[in-house]
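Please look over the structure below before reading on. The text after it walks through the chains part by part.

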Amino acid sequence: MSFLSRWRARTRTWLRRDVVERDLSRELADWVDELAARYEADGCAPDEARRRALVETGGVEQVKDQVRDARERWMLDRAIERLRFDALTACRSLAATPALTAAVVMTIASAAAINLAMVSLIDRALLSPPPHVVDADRVFTVAMHAPGDTGGLRTTMSYPSFAIVRDQVPAVSAAAYLRDTMSLVIDGDQRRVNAMAVSATYFSLLGARPAIGPGLIAKNDDAAEPAVVLSHALWQSAFGGDPKVVGRRVSIRGVDCEVAGVMPDGFSGHSAVGVDLWLPFAVAFHGNPGWDRDPYRNLLSTVVRLAPGQTLEAAETQATRALGSPTTFDSIVGANVGATERQVAWWLGAVALLIFAIGLANAATLLVVRAARRQEDIVIRTALGASRGRLLAQAIVEAMLVAAAATALALAFAIWLDEPIRRVLFPDVVGRSDLARTTLEAAGISGALAFAICALTAVWQIRGSLPATALSGAARRSGRTRALTALLLLQTALSTVLLSGAGMFGQSLRKLAAQDLGMRMDGVFIVSFEQGPGDVPGRNEILAAALEKVRALPGVELASPIDSLPFTGFNVPPISVPGRAEPPRIGEQLPYLIASTPESLKILGIEIAEGRTFTAADDRGAPVVIVNDTMARVVWPGESAIGKCIRIGFDDDFDPALSVGPPMPSDKVPCRQIVGVAHDVRQRSIVPVDNEAHLMQYFVPFSQVPPPPFPVASWPEIRGLLLRTSTGIETLAPQIRRIVVGRRADLPFVRVAAYTASLDRQLRPWRLGTTLLGLFSALALAVAAMGLYAAFAHVVAERRREMAIRIAIGARPGGVLRLILRESLSTAAAGVVAGNLAAIMCGRWVQSLLFETAPSDPMVLGFAAAVMLTVALAATLVPARSASHADPNILLRV
Amino acid sequence: MPPSTLLQGTLDLLILRTLALGPLHGVAIADRIKQVTRGTFEVKAGSLFPALHRLEADGRIRGGWGAAPTGRRAKLYVITRAGRAHLAAETKSWARVALAIQQVLEMS
């Protein structure tokens with residue numbers, strides 16, 4: 001029917017256009033005839049008269065064209081005029097309900113923002129080729145598979161192997177790289193940078209050029225100029241974006257280098273993982289000769305580019321033949337991003353989509369409420385003669401305005417959200433430099449969806465307000481209410497699930513952090529060199545010299561040299577107990593040695609349960625040891641360990657080539673007396689599974705630690721300094737760094753880090769879960785709050801008469817308020833119950849990640865329920881209050 | 001004095017004024033304008049017909065087939081009520097503008 005009528009209308013305009021054209025032709029013919037008749041009357045011959053008439057007219061066809069032009073211009077002017085009017089009316093109409101309009105825009109914007117941020121992140125980290133790489137689909141990373149079916153995979157190779165790929169695989173060009181954190185010395189101050197050492201072919205292979213400066217232009221890897229290239233970010237942060245940075249001198253790995261260029265903003269090499277600085281291998285391996293000849297130093301990763309016309313299969317075959325082991329090339333898209341992060345990102349993307357869907361549904365509900373308020377306006381305009389078309393046009397313009405505003409706001413939110421989410425989810429991935437096209441496309445799609453929802457709701461509403469369909473509205477209402485209730489249940493349940501998830505992870509994190517690890521970690525800091533290739537020459541002397549000066553710094557309470565502490569490293573020398581054939585073990589694990597000083601035991605607050613602690617005299621005294629509770633209990637059950645003795649270390653004549661089985665010190669090694677028993681300290685796992693909370697440990701005076709069975713430069717080894725400070729570390733760290741480094745430029749970066757930072761890696765899953773689920777649940781809650789508000793505002797609007805009647809016949813406003821709140825809270829409560837049940841079920845999937853927290857933890861579920869119900873109460877209080885003030889007068893008006 | 005070019009919008013006004021006296025067809029409208037302005041404005045078909053059609057689309061005049069005074073068949077135009085209202089409003093504002101311009105021109 002609607003199709004037919006539309007078709008008929010269209011044919012009519014065609015016919016009319018015909019009529020118009022015919023009329024015009026006739027009219028002009030008449031005009032020419034009349035002019036010609038006049039010339040004839042003046043005495044012209046008929047042909048001449050006609051010619052003159054045509055000349056005077058200026059050509060019939062030209063006049064027709066001019067008339068057509070005039071008509072078209074007139075129609076265009078009218079269309080613009082109409083659009084202007086519609087836009088103005090739409091703006092006025094939107095402004096008439098400012099709170100509801102803002103609510104619709106904010107709901108769509110916040111639901112879209114999280115999606116845009118996720119799209120931007122997932123696109124950058126996993127889906128898009130890295131920026132500024134030419135033809136990135138022909139660039140690959142190289143992996144070598146172990147021969148046979150062992151499944152072994154190697155992604156690094158030696159320089160000679162790389163040279164084989166570069167020189168003997170004609171189907172590709174190749175470049176090698178090595179990532180490392182290094183210390184960049186600018187004007188005498190150390191700065192930690194994520195550096196990438198590269199072969200001479202690296203930049204040309206990617207097709208990337210510096211934005212400033214010539215870049216690294218070496219021909220050979222072994223004779224490269226000492227130069228570095230900066231990332232845009234490092235140029236900004238370390239050099240303040242100085243345009244004259246090229247040519248400045250910096251020092252890295254002890255080599256004085258020239259800054260040879262700055263890469264374009266957003267460039268991060270062949271992957272999305274951020275790099276601060278690029279340097280030639282010759283600089284990175286300075287002081288490590290043989291790096292380009294030793295076939296066993298498998299440190300380098302290789303990227304290749306397919307030569308024009310070559311296929312991937314052919315190149316892989318050539319590489320396999322040249323290297324002598326099965327070799328595959330993998331896409332650089334999403335390279336170097338961990339599998340867990342990948343999975344979490346996709347999951348969050350799915351949750352974000354769900355939030356978007358719910359946000360749109362809520363926006364629709366809000367628009368229905370808004371339409372109910374604007375009903376009178378529509379009725380009045382209809383009565384004044386506005387056609388249905390005009391009303392629809394205005395509604396569509398309104399929808400366009402709302403969708404455009406929401407999308408613009410969503411983009412702004414997304415830009416703001418991008419960085420915090422990236423820091424948690426993809427800490428290594430380079431930050432956003434500009435808006436990717438994908439993000440803008442996603443914004444376009446979400447804007448179009450928002451527009452469609454707004455426009456459809458408006459159209460539906462206008463149809464409903466026309467007399468013919470108004471009667472059937474009552475019948476539809478019950479169906480609509482059911483759908484609305486289901487929607488509310490869904491979003492309160494989703495919010496509850498996310499809240500419960502955040503609660504579970506948060507509770508786990510809290511309990512993990514609250515554990516008694518047997519030592520004090522707060523306010524304790526470790527000063528150490530960041531590891532580079534090989535050892536730091538003269539480390540012991542540097543740190544020993546620094547110790548005294550650091551101790552003297554104001555704010556440093558205690559300082560001690562350390563070897564390896566729990567969570568930072570380990571030392572498990574051979575051990576034997578007199579009278580026992582086997583070394584003491586728990587499972588397969590031998591006891592851990594912790595090199596200690598009186599100060600380090602004090603700094604860590606290690607409690608002595610029995611006997612004594614170390615004193616300064618132990619440094620030069622008889623060999624002594626303190627064992628922990630577990631060791632005392634396991635080795636000497638039922639008796640005191642004090643006064644017993646153990647042997648540790650290697651025999652002087654120990655030869656690894658001749659030894660069979662695990663070495664045990666013989667009675668040639670002096671037996672050290674146990675002078676104390678300390679409480680257990682957690683050694684390596686933050687989660688106390690199996691025996692982790694009760695491993696055997698013993699403490700040995702720092703100077704008495706037995707040496708390894710091979711010659712070392714100086715003994716005992718000082719791997720770092722342990723500090724307890726009374727002031728913040730921010731001011732101390734640069735001073736300490738200056739003390740340790742002195743005037744040297746060849747030292748690795750000096751890390752001054754909280755001891756608790758050594759737990760970061762282990763705590764990451766819980767932090768990730770807590771932060772991201774917290775963020776998502778906050779968004780879901782905001783969306784759900786808006787949904788509840790909208791729904792109950794809608795209910796109140798529809799039941800205004802009922803409320804007014806109740807008040808008219810004597811109901812107290814408080815009673816009406818309670819009635820609405822009871823309905824809202826019972827809906828929310830049903831959602832909470834469903835959400836809690838779903839959380840318990842989903843909780844099973846993450847059970848292995850929870851610590852001393854069951855998915856059915858009443859604290860967590862109660863917390864989620866309380867937050868959700870509070871939000872529901874707050875969201876419905878406004879419409880409920882307006883209902884309780886329903887004016888009985890409206891009964892007379894409506 | 002040679003025929004001068006028409007100010008934009010002036011033609012509409014002249015047509016409406018001409019039709020206010022009674023229904024006319026295209027040639028008669030052009031004749032009447034030329035006659036009234038003593039040959040100052042000579043209206044060509046290329047200006048007259050677009051103007052007539054625009055005015056018709058705006059609802060200020062209405063066209064219909066009838067007979068010209070010569071007895072020929074012709075499309076006759078009639079001014080509508082909206083056209084008269086427009087003419088009245090425009091005449092008033094034209095008088096104001098004309099007076100103002102005259103004052104400015106006579107200033108020196």
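Predicted model: local features only at pLDDT ≥ 70, side-chain atom pairs only at ≥ 80, totals over all residues.

Residues are numbered from 1 along each chain as its sequence is written, and chains are lettered from A and ligands numbered from 1 in the order in which they are written.

Chain B has four helices and three strands. Helices (H or I, at least four residues) and strands (E, at least two) are DSSP runs, numbered from the N terminus. Along the sequence of chain B the pattern reads α-β-α-α-β-β-α. A box of roughly 55 × 30 × 20 Å, taken along the principal axes, holds the C-alpha atoms of chain B. Of the 108 residues in chain B, 29% are buried. A residue is called buried if 20 or more other C-beta atoms lie within 10 Å of its own, exposed if 12 or fewer, and partly exposed in between, with C-beta atoms placed from the backbone.

The strands of chain B form an open sheet of three, in the order β1-β3-β2, with antiparallel pairing. β1 (24–25) and β2 (61–67) of chain B are at the edges with a single partner strand each, so one side of each has no neighbour in the sheet. Two strands count as paired if DSSP finds at least two bridges between them. β1(B) and β3 (residues 73–79) of chain B run antiparallel and are joined by two bridges. Leu24(B) has Tyr77(B) in β3(B) as its bridge partner.

Helix α1 (residues 10–19) of chain B lies across β1, β2 and β3 of chain B, and runs at about 100 degrees to β3(B). Such axes are lines fitted to C-alpha atoms, for helices over the stretch in contact, and the angles run from 0 to 180 degrees between N-to-C directions. Two residues are in contact if their C-beta atoms, placed from the backbone, lie within 7 Å. Among the contacts in chain B between residues at least 6 apart in sequence, 52% join residues at least 24 apart.

Which elements of chain B give two or more residues to the side that touches chain A? The contact takes 15 residues from chain B and 15 residues from chain A. On the side of chain B, the elements that give two or more residues are α2 (26–36), α3 (45–57) and β3 of chain B.

We turn to chain A. Its domain assignment gives domain 1 (136–331), domain 2 (339–514 + 762–893) and domain 3 (524–756), the bounds coming from an automatic or database domain assignment. The C-alpha centres of domain 1 and domain 3 of chain A lie 38 Å apart. Eleven residues of domain 1 of chain A are in contact with twelve residues of domain 3 of chain A. On the side of domain 1 that touches domain 3, β4(A) gives the largest share, five residues. The residues of that side of domain 1 comprise two nonpolar, six polar and three charged.

The largest nonpolar core has 127 residues, and those with the most contacts inside it are Val228(A) and Leu277(A). A nonpolar core is a set of buried Ala, Val, Leu, Ile, Met, Phe, Trp, Tyr and Cys residues joined through C-beta atoms within 7 Å. Strand β4 (residues 172–186) of chain A gives the most to this core, nine residues. Domain 1 (136–331) and domain 3 (524–756) of chain A both give residues to this core, so the core lies between them.

Helix α7 (residues 232–239) of chain A has as its buried residues His232(A), Ala233(A), Leu234(A), Trp235(A) and Ala238(A). The buried residues of α7(A) pack against β4, β5 (189–198), β6 (227–230), β8 (255–262) and β9 (277–280) of chain A. Just after α7(A), Gly240(A) takes a positive phi of about 55 degrees.

Conventions
Nonpolar A, V, L, I, M, F, W, Y, C, P; charged D, E, K, R; others polar.
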